[in-house]
Amino acid sequence: MFEIVRKEWLHEVIFLIEVKAPAIARKIKAGNFLVFRAKEGGERIPITVAEYDRKKGTVTCIIQVVGKSTKLLSTFEKGDYIQDVVGPLGKPTEIKKYGLVGIVSGGLGIPLANLVAKELRNAGNEVIGMVGARTKELLVWEEEMSKYCTEMDYCTDDGSFGMKGFTTNLLEKKIKELEKEGKKFDMIFTVGPTIMMKFIAGITKKYGIHTIASLNPIMVDGTGMCGACRVTVGGEIKFACVDGPEFDAHQVDFDELLMRLGQYKKYEKVSYDLYLKECCGGKQK
Amino acid sequence: MTEEKKERKPQKRSDKSPKKTPMREQPPEERIKNFLEVPFGYTEKEALLEAERCLHCRRPFCVEGCPVEINIPAFISAILDKDYRRGINIIKETNVLPAICGRVCPQENQCEKACVMGRKDGWDPVGIGRLERFLADWEYANGRETPKIAEPTGKKVAVIGSGPAGLVAAADLARYGHKVTLFESLHKGGGVLVYGIPEFRLPKSIVAKELETLEHMGVEIKYDTVIGLTYTIDELFEMGYEAIFIGTGAGLPRYLGIPGENLKGVYFANEFLTRANLMEAYKFPEKADTPINVGKKVITIGAGNVAMDCARTALRLGAEKSMIVYRRSLAEAPAREEEIHHAEEEGVEFHLLTTPLAIMGDKDNNVIGLECQECELGEPDESGRCRPIPIEDACFDLECDTLIIAIGQRPNPLVPRNTPNLKTHRWGGIIVNEETLETSIPGVFAGGDIVSGAATVILAMGAGRKAAKSMHEYLMNKDKKA
């Protein structure tokens with residue numbers, strides 16, 4: 001059982017929880033992820049980490065309500081316990097001195113990008129953050145991330161904050177600006193919606209920039225056992241939970257990943273609707 | 001009274017019944033609608049009838065056939081004396097998990113294969129497995145004795161993985177008087193016994209009781225702890241563990257390498273079974289949140305126990321047609337006879353001498369079928385089984401909307417990958433000294449599927465026991481040297 005020591009709502013459907021998990025907090029690194037199971041009978045779901053505190057022994061996660069399991073977690077308050085928290089899973093981000101690094105992230109990818117930005121900056125890189133969301137309110141944790149970036153650019157689909165448009169536009173604009181100054185990204189790190197990462201990879205491939213994407217396939221155990229999270233990378237089957245979740249974005253078969261992510265849509269809806277009916281009289285919030 | 005006095009003299013076959021006492025079970029048409037255990041187990045009367053069939057051979061070949069050499073004639077004698085407590089204790093001298101072995105051991109290839117009764121045409125061997133289960137179930141119903149534990153040695157030891165190898169190693173190490181911590185990566189203990197083997201073959205309550213017994217013996221079980229990641233082997237030593245057993249099993253799926261393996265509706269057996277068993281997807285959506293996607297027509301590729309478990313689970317989850325596709329014939333199938341028999345009874349269709357060529361999908365990438373080719377059997381290959389040879393132009397398609405790949409497992413990579421000095425084979429198995437099961441790192445031992453590759457529950461248990469013994473010797477000698 002893992003105690004929640006802090007809970008905050010960041011937006012109507014996005015919340016933060018800080019969980020006491022000393023063994024995990026002791027050694028978690030940027031790029032690692034956790035598996036949560038809220039309570040008995042619950043699903044095992046992969047969760048990314050926004051921040052950790054080794055001294056306090058806590059990890060902080062930012063979660064968006066998208067279905068039953070995340071909705072259930074959102075009902076937990078400070079002092080409540082999560083049944084299972086497992087980690088740190090996956091391989092951490094390869095942190096080294098690349099030079100000029102761009103971090104492109106969207107939506108709930110931003111909190112994870114925060115840790116990557118922090119560690120890359122500490123390793124002596126110049127870090128340019130490019131973040132986006134559908135609308136201003138959905139931009140979360142971007143302030144924390146901006147602390148570790150030498151420059152931070154924003155966009156929203158509706159233009160309510162920063163440039164109007166997508167992170168792809170933001171990235172391409174930046175690449176061109178840098179070109180004029182005779183500079184080029186040495187590495188791009190991207191995390192966020194799969195469709196976004198697919199298009200980011202398309203752009204960086206065109207410009208020949210080495211790109212790492214943090215993937216988010218469906219998982220069950222998270223320890224290499226089941227193979228639910230398999231992705232095709234460079235024509236080979238890889239398991240995101242133990243071989244990833246970060247891969248060379250130019251080698252990833254994003255279309256297949258997108259297809260596999262949609263596999264349980266109808267079941268997810270059945271489960272969520274039943275839960276809302278039972279617990280919230282059918283209402284979402 | 002000593003045990004010898006109670007043992008019986010050799011008896012004549014002519015006084016015996018040639019056939020095994022049948023074990024009652026749920027009728028096939030009923031059981032495919034539930035997840036309850038299929039065979040009911042012997043009643044006392046049935047157990048006595050079956051025990052009566054033992055010839056009490058002067059040289060008990062059955063014992064030689066048992067990987068852990070259970071004193072079979074002695075426990076059968078105890079049954080005949082109706083001294084069931086003595087019977088179960090005889091088994092437990094060498095096998096700490098009889099309720100599990102009585103159910104999932106391939107007795108037909110071990111003790112029962114060696115049984116003299118079965119050597120004559122038309123005669124069945126003694127139902128040793130069923131009698132073992134009878135005693136174990138009797139003990140559950142009549143109170144279990146926590147095994148005796150030696151004086152505390154003051155030594156801390158770590159066991160990684162709570163599958164069959166780890167359970168036995170932990171139990172034995174505790175009995176030697178060591179302070180044992182059992183690390184489990186999942187939220188439930190039992191390893192393959194809970195995520196792999198379905199409820200209808202091995203009720204999870206049995207595994208839960210065994211874990212409870214371990215806790216009564218002073219073993220601390222730490223769930224949600226992934227060794228290699230949460231703690232490394234080196235960190236375990238720093239935490240004061242003086243010896244470590246790795247029993248992390250063969251939890252990494254093998255795949256075919258044919259087109260279409262990543263289509264929607266295609267599962268590796270481990271995912272299918274983990275969703276169904278560990279995550280209890282059969283209770284979705286009311287009592288469990290993990291879904292499983294089972295169509296009307298389900299193909300399982302492979303013919304081992306895992307494949308039979310998948311095909312039979314699919315039926316229970318609502319499949320109208322469950323098919324096994326296997327490139328050899330049933331004679332070569334690695335599954336237990338009983339499992340094949342149960343699958344056949346339940347209506348699983350066997351497409352034998354059939355090799356899969358490609359998995360077919362529709363425009364939305366949903367699986368819709370399997371392209372197959374007929375085979376004939378050729379000369380035996382390295383495995384000793386006849387090699388399937390595809391017959392030219394004999395191709396055909398099978399329709400399905402769910403497909404499960406059950407062609408085996410590889411060793412789980414997490415501990416080896418994160419333990420730099422641990423030597424492994426190229427296929428991923430940990431290299432050990434065969435006598436002691438010690439690995440390339442002093443004080444670190446390993447056993448079960450992580451060493452042997454995918455094998456049986458009883459072999460893993462045997463390895464757990466062997467490792468525990470060497471670990472005990474290692475710990476005691478370590479003191480002497482110091």
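Q: At what angle do the axes of helix H6 and helix H9 of chain B cross?
A: Two packed helices are described by the angle between their axes and by the distance between those axes. In this predicted model, helix H6 (residues 84–94) and helix H9 (residues 128–142) of chain B cross at roughly 115°, and their axes come within 9 Å. The crossing of H6(B) and H9(B) is left-handed.

Q: Which residues of H6(B) and H9(B) meet?
A: From H6(B), the residues in contact include B:Tyr84, B:Arg85, B:Ile88 and B:Ile91. Among those they meet in H9(B) are B:Glu132, B:Phe134, B:Leu135 and B:Trp138.

Q: How do I read a sheet, and what is the order of the open sheet of five strands in chain B?
A: Strands of a sheet pair through backbone hydrogen bonds, in either a parallel or an antiparallel way. Here the five strands of chain B follow the order S5-S12-S6-S7-S8, and the pairing is parallel. Strands S5 (266–268) and S8 (349–351) of chain B are at the edges with a single partner strand each, so one side of each has no neighbour in the sheet. On average, neighbouring strands of this sheet are turned by 20° against each other, direction ignored.

Q: Over how many bridges do S6 and S12 of chain B pair?
A: Strand S6 (residues 297–301) and strand S12 (residues 402–405) of chain B pair over four bridges, in the parallel sense. Within this pair, B:Ile299 stands opposite B:Leu403 in S12(B).

Q: Which helix lies across S5 and S12 of chain B?
A: That is helix H14 (residues 269–278) of chain B, which runs at about 85° to S5(B). The loop between H14 and S6 of chain B holds B:Glu280 and also B:Pro285.

Q: What should I look for in the backbone of such loops?
A: Most residues other than glycine have a negative phi, and most peptide bonds are trans. B:Glu280 has a positive phi, near 50°. The peptide bond from B:Phe284 to B:Pro285 is cis, with omega near 0°.

Q: Where does A:Trp141 lie, and is A:Trp141 buried or exposed?
A: A:Trp141 is in the loop between strand S10 (126–133) and helix H4 (142–146) of chain A. Its phi is positive too, near 65°. A:Trp141 counts as buried because its relative accessibility is 12%, and the cut-off for buried is under 20%.

Q: What radius of gyration does chain B have?
A: Chain B has 23 Å, which agrees with the value near 23 Å for a compact globule of 482 residues. Of these 482 residues, 59% count as buried.

Key. Residues are numbered from 1 along each chain as its sequence is written. Chains are lettered from A and ligands numbered from 1 in the order in which they are written. This is a predicted model: local features need pLDDT of at least 70, side-chain atom pairs count only at pLDDT 80 or more; totals for chains, interfaces and linings use all residues. Side-chain values use heavy atoms; hydrogens and water are left out. Two strands pair if DSSP finds at least two bridges between them. Helices (H or I, at least four residues) and strands (E, at least two) are DSSP runs, numbered from the N terminus. Axes are lines fitted to C-alpha atoms, for helices over the stretch in contact, and angles run from 0 to 180 degrees between N-to-C directions. Contact means heavy atoms within 4.5 Å. The radius of gyration is taken over C-alpha atoms; the globule rule is 2.2 Å times the number of residues to the power 0.38. Buried means under 20% relative accessible area, exposed over 50%, partly exposed in between (1.4 Å probe, protein chains only). A crossing is left-handed if the near helix is turned anticlockwise from the far one by less than a right angle, and right-handed if clockwise.
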